[in-house]
Amino acid sequence: MVAKVYCRMVVLLGCLCAFSAQAMPLDKGEAQRVLARSASAAEAVVYAGSYIYQSGENIANYKISHAIENGVAAEHRELLDGEPREYLRVGDKVSMYPTPGYALQLDRRYTSKLFPNHLPDNVSELLQSYGLSKVGRERVVGREATIYQLDPLDAYRYPQRFWVDDESGLILKWLMMGMRQEMVQSFSFTQIQVGGKIDRKLLKPIHPLRSVQVNDGAVLDVADDKKWRIKPTVPGFKLIKKSTRSLPHKSREVVHYLYSDGAVTLSVFVEPMNANIPLGLAHQGAIHLYARQVDQYLLSCLGEVPAVTVERFAKAYTLR
Amino acid sequence: MSEKISALMDYEVAPQDIAAVVDQLLASAEQQAQWHRWHLARDVIGQPHLAMSPDFMQKFAAKLAQEPVVIAPHRLRPRPSQWMPLAAFASVVFVGLLAWQLTLPSALPVDVLAQQKPVEIKSAEISPYLAAHRDGFSNPLASEQFAQAHFEAGEQH
């Protein structure tokens, strides 16, 4: 009997090895080195090109230029599909077109955190929730790249895969996957020039930009919340933003708690009870929503995470 | 427990013990995952499932070949039924019952009826939340189309 079990184990291991022939887990030091290189490359390397953002069936094309002028990083982004949108950042000054419909305040720590600068400044925190493995190599936008994957260490998040330019360390492609390794969201360059001289004209705004207020984000602690006792039971997620805002195209106000584990974000919305949102679980592909009523309040938790994560977060709130 | 799962897969558990082993199996997600992995491994190496005898397909094919081929099926002529008057009576009784039920208030409490209805997800109501979540901190450039929600009840399987 025992021999049979071992025999099965061997077969099973054999299958696993065959299926993921090239996946090679990296040790913590090596993982940290890979992530840190990509994180700094996005800020220090000069590049220009265009990228595509895909979520579900929707696709949007963006033009991006990133240059260093007098030691200050400047980036210019333009949405090429539909209504024009522009984003210009010089150092930590941000201006946008059109002016956001609500009083948008950006957190200084995150103004530069758009693709391909996805990685958090503190990559070691990311490695508390994910392991990093090298999946293989591939040619992307005409450049040689190495494929890495962030594999969740628990059942509260999904894997993420990214392609790193061998020459510069820049992330050329980022894929957020669901529980069946299907695509949830992806960012990928469709054309890129790395290094060399970037035409200054590329950084010039096309539309009349308005500057956006950038704040020094406070270090938030869930224990400081006056109204709610928040006891998250999911490890790895930190509260990175709390704001009171009106929902887009709606007049009602919600309190928005935004949590991040360094690779994915999760939102908890608190508002007066509203019967339009179904209580319990709902999903759109791998994106989950869990809503529950607490007294006269509606709590809804939404994110590109498994069902168990949104449910646990929604249940982590109790009235003080 | 691994051995019991293994034995269960091979039909080596005594019939009176099967229920207990299945209960134990269901009690642990890890054991269920193992159960699934072993079946997967067995599928991969091409070992037949014991639920079917190894020559199942041959026997089935032989039986199928012996079935007569119906070229032009003729219609069975229905015999006039001796139940006809009874059926007519039953339909009158049924209409009466229906009319009686419709005039009486439903005996079921309203909230039970409401629970039986499938949960309707108003995706248009979820869109603003999705938009707010998306531009949370990382994507103030997201175009409107990305907030289109198509939610359904339950979790992803």
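Chain A exposes about 15,000 Å², of which carbon and sulfur atoms supply 53%, with accessible areas taken from the Shrake-Rupley method using a 1.4 Å probe and, for residues, only the protein chains shown counting as cover. The model is predicted, so that local features need pLDDT of at least 70 and side-chain atom pairs count only at pLDDT 80 or more, whereas totals for chains, interfaces and linings use all residues. Residues are numbered from 1 along each chain as its sequence is written, chains are lettered from A in the order in which they are written, and side-chain values use heavy atoms, without hydrogens and water.

Of the 320 residues of chain A, 51% count as buried (under 20% relative accessible area; exposed means over 50%, and partly exposed lies in between, with a 1.4 Å probe and protein chains only). Chain A contains 4 helices and 21 strands, defined as DSSP runs numbered from the N terminus (helices H or I, at least four residues; strands E, at least two).

Strand S10 of chain A, residues 160–165, is mostly covered, 5 of its 6 residues being buried. S10(A) pairs in the antiparallel sense with strand S9 (residues 143–152) of chain A over 6 bridges, where pairing requires that DSSP finds at least two bridges between two strands; Ile147(A) stands opposite Trp163(A) in S10(A). A further 5 bridges join S10(A) to the antiparallel strand S11 (residues 171–177) of chain A, and here Gln160(A) stands opposite Met176(A). S10(A) and S11(A) form a hairpin with 5 residues between them, and Gly169(A) in the turn has a positive phi of about 90 degrees.
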